[in-house]
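Hi,

Here is the structure I promised to pass on to you. Have a look at it first, and then read on for my notes on what turned up.

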Amino acid sequence: MPCRNEDRERPITIGFRVSPETAEAIDRKVALTGMTKQDYIVTQLLEGTVTVTPSPLMYRNLREEMREVCRHLNRLRKGESPSEHLLDTCDLLAEMMYGLRGDVSPSEAETEDSMVKNMGRC
(Lines give C-alpha, C1' and ligand atoms only; values in the text may rest on other atoms or scores of the structure.)
Protein backbone atom coordinates (compact mmCIF):
# COMPACT_ATOMS: atom_id res chain seq x y z
CA MET A 1 0.00 0.00 0.00
CA PRO A 2 1.44 3.40 -0.93
CA CYS A 3 2.23 5.73 1.90
CA ARG A 4 0.04 8.74 2.58
CA ASN A 5 1.17 12.07 1.21
CA GLU A 6 1.60 13.48 4.75
CA ASP A 7 4.07 10.67 5.55
CA ARG A 8 6.34 11.38 2.60
CA GLU A 9 9.69 13.09 3.00
CA ARG A 10 8.60 15.63 0.35
CA PRO A 11 4.82 15.97 0.61
CA ILE A 12 4.38 19.11 -1.53
CA THR A 13 3.89 18.97 -5.29
CA ILE A 14 4.88 21.89 -7.51
CA GLY A 15 3.91 21.87 -11.17
CA PHE A 16 3.98 24.29 -14.08
CA ARG A 17 3.17 24.32 -17.78
CA VAL A 18 5.69 24.95 -20.56
CA SER A 19 5.63 24.97 -24.36
CA PRO A 20 6.83 21.87 -26.25
CA GLU A 21 10.02 23.73 -27.25
CA THR A 22 10.78 24.67 -23.63
CA ALA A 23 10.07 21.12 -22.48
CA GLU A 24 12.49 19.81 -25.11
CA ALA A 25 15.18 22.28 -24.01
CA ILE A 26 14.73 21.30 -20.36
CA ASP A 27 14.81 17.59 -21.21
CA ARG A 28 18.01 18.10 -23.25
CA LYS A 29 19.75 19.92 -20.41
CA VAL A 30 18.62 17.35 -17.86
CA ALA A 31 19.81 14.45 -20.04
CA LEU A 32 23.24 16.03 -20.49
CA THR A 33 23.72 16.44 -16.74
CA GLY A 34 22.77 12.86 -15.88
CA MET A 35 20.56 14.13 -13.05
CA THR A 36 16.86 13.51 -12.54
CA LYS A 37 14.58 16.25 -13.80
CA GLN A 38 13.46 17.01 -10.24
CA ASP A 39 17.02 17.29 -8.93
CA TYR A 40 18.07 19.44 -11.88
CA ILE A 41 15.17 21.91 -11.55
CA VAL A 42 15.45 22.19 -7.76
CA THR A 43 19.23 22.69 -7.92
CA GLN A 44 18.89 25.26 -10.71
CA LEU A 45 16.23 27.21 -8.80
CA LEU A 46 17.85 27.15 -5.37
CA GLU A 47 21.54 27.35 -6.22
CA GLY A 48 21.58 28.84 -9.71
CA THR A 49 24.32 26.47 -10.86
CA VAL A 50 24.37 22.76 -11.51
CA THR A 51 27.51 20.74 -10.85
CA VAL A 52 27.75 17.89 -13.30
CA THR A 53 29.47 14.72 -12.15
CA PRO A 54 30.68 12.71 -15.15
CA SER A 55 28.99 9.32 -15.42
CA PRO A 56 28.42 6.69 -18.12
CA LEU A 57 24.83 7.94 -18.57
CA MET A 58 25.96 11.54 -18.96
CA TYR A 59 28.68 10.45 -21.41
CA ARG A 60 26.16 8.52 -23.52
CA ASN A 61 23.70 11.44 -23.59
CA LEU A 62 26.49 13.87 -24.45
CA ARG A 63 27.68 11.59 -27.27
CA GLU A 64 24.15 11.28 -28.69
CA GLU A 65 23.65 15.03 -28.57
CA MET A 66 27.00 15.59 -30.29
CA ARG A 67 25.99 13.16 -33.06
CA GLU A 68 22.77 15.11 -33.58
CA VAL A 69 24.71 18.38 -33.77
CA CYS A 70 27.10 16.83 -36.31
CA ARG A 71 24.17 15.76 -38.48
CA HIS A 72 22.84 19.32 -38.41
CA LEU A 73 26.28 20.78 -39.11
CA ASN A 74 26.69 18.49 -42.11
CA ARG A 75 23.46 19.92 -43.48
CA LEU A 76 24.81 23.44 -42.98
CA ARG A 77 27.65 22.66 -45.36
CA LYS A 78 24.98 22.18 -48.01
CA GLY A 79 23.82 25.79 -47.69
CA GLU A 80 21.24 25.68 -44.90
CA SER A 81 21.32 28.29 -42.17
CA PRO A 82 21.54 27.21 -38.50
CA SER A 83 18.34 27.01 -36.47
CA GLU A 84 17.92 28.65 -33.08
CA HIS A 85 17.70 25.16 -31.55
CA LEU A 86 21.07 24.19 -33.05
CA LEU A 87 22.72 27.37 -31.80
CA ASP A 88 21.30 26.84 -28.29
CA THR A 89 22.48 23.22 -28.31
CA CYS A 90 25.98 24.26 -29.43
CA ASP A 91 26.15 26.86 -26.66
CA LEU A 92 25.05 24.31 -24.07
CA LEU A 93 27.52 21.68 -25.27
CA ALA A 94 30.36 24.21 -25.37
CA GLU A 95 29.55 25.31 -21.83
CA MET A 96 29.48 21.72 -20.60
CA MET A 97 32.70 20.78 -22.38
CA TYR A 98 34.39 23.89 -20.97
CA GLY A 99 33.22 22.90 -17.48
CA LEU A 100 34.43 19.31 -17.89
CA ARG A 101 37.79 20.45 -19.23
CA GLY A 102 39.10 21.03 -15.74
CA ASP A 103 41.85 23.51 -16.51
CA VAL A 104 41.30 27.25 -16.61
CA SER A 105 43.89 28.14 -19.21
CA PRO A 106 42.40 30.06 -22.13
CA SER A 107 42.07 28.35 -25.50
CA GLU A 108 44.03 29.49 -28.53
CA ALA A 109 40.95 31.26 -29.92
CA GLU A 110 40.35 33.04 -26.59
CA THR A 111 43.98 34.16 -26.50
CA GLU A 112 43.73 35.55 -30.04
CA ASP A 113 40.45 37.31 -29.20
CA SER A 114 41.98 39.03 -26.17
CA MET A 115 45.03 40.08 -28.24
CA VAL A 116 42.77 41.65 -30.86
CA LYS A 117 40.68 43.43 -28.20
CA ASN A 118 43.81 44.87 -26.56
CA MET A 119 45.31 46.19 -29.79
CA GLY A 120 45.67 49.94 -29.99
CA ARG A 121 45.96 52.35 -32.86
CA CYS A 122 49.42 53.27 -34.11
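To start with the chain as a whole: 14% of the 122 residues of the protein chain count as buried. Please keep in mind that this is a predicted model.

As for the fold, the protein chain has 5 helices and 0 strands, so the order of elements from the N terminus, by DSSP runs, reads α-α-α-α-α. If you take the contacts between residues at least 6 apart in sequence, 53% of them join residues at least 24 apart.

The largest pocket has a volume of about 400 Å³. Part of its lining comes from R10, I12, T13, I14, G15 and F16; K37, Q38, I41, V42 and L45 also line this pocket. Sorted by class, the lining residues are 6 nonpolar, 3 polar and 2 charged.

One residue I looked at individually is T43, which sits in helix α2, a helix that covers residues 37–47. Is T43 buried or exposed? Its relative accessible area is 17%, so T43 counts as buried, the cut-off for buried being under 20%.

Best wishes

Conventions. Residues are numbered from 1 along each chain as its sequence is written. This is a predicted model: local features need pLDDT of at least 70, side-chain atom pairs count only at pLDDT 80 or more; totals for chains, interfaces and linings use all residues. Side-chain values use heavy atoms; hydrogens and water are left out. Helices (H or I, at least four residues) and strands (E, at least two) are DSSP runs, numbered from the N terminus. Buried means under 20% relative accessible area, exposed over 50%, partly exposed in between (1.4 Å probe, protein chains only). On a 1 Å grid over the protein atoms alone, a cavity is a set of points where a 1.4 Å probe fits but cannot get out, and a pocket is an open set with protein on both sides within 12 Å along at least five of seven lines; lining residues have an atom within 4 Å of a point. Grid points are joined across faces, edges and corners, and a volume is the space filled by probe spheres set on the points. Ala, Val, Leu, Ile, Met, Phe, Trp, Tyr, Cys and Pro count as nonpolar, Asp, Glu, Lys and Arg as charged, and the others, Gly among them, as polar. Contact means heavy atoms within 4.5 Å.
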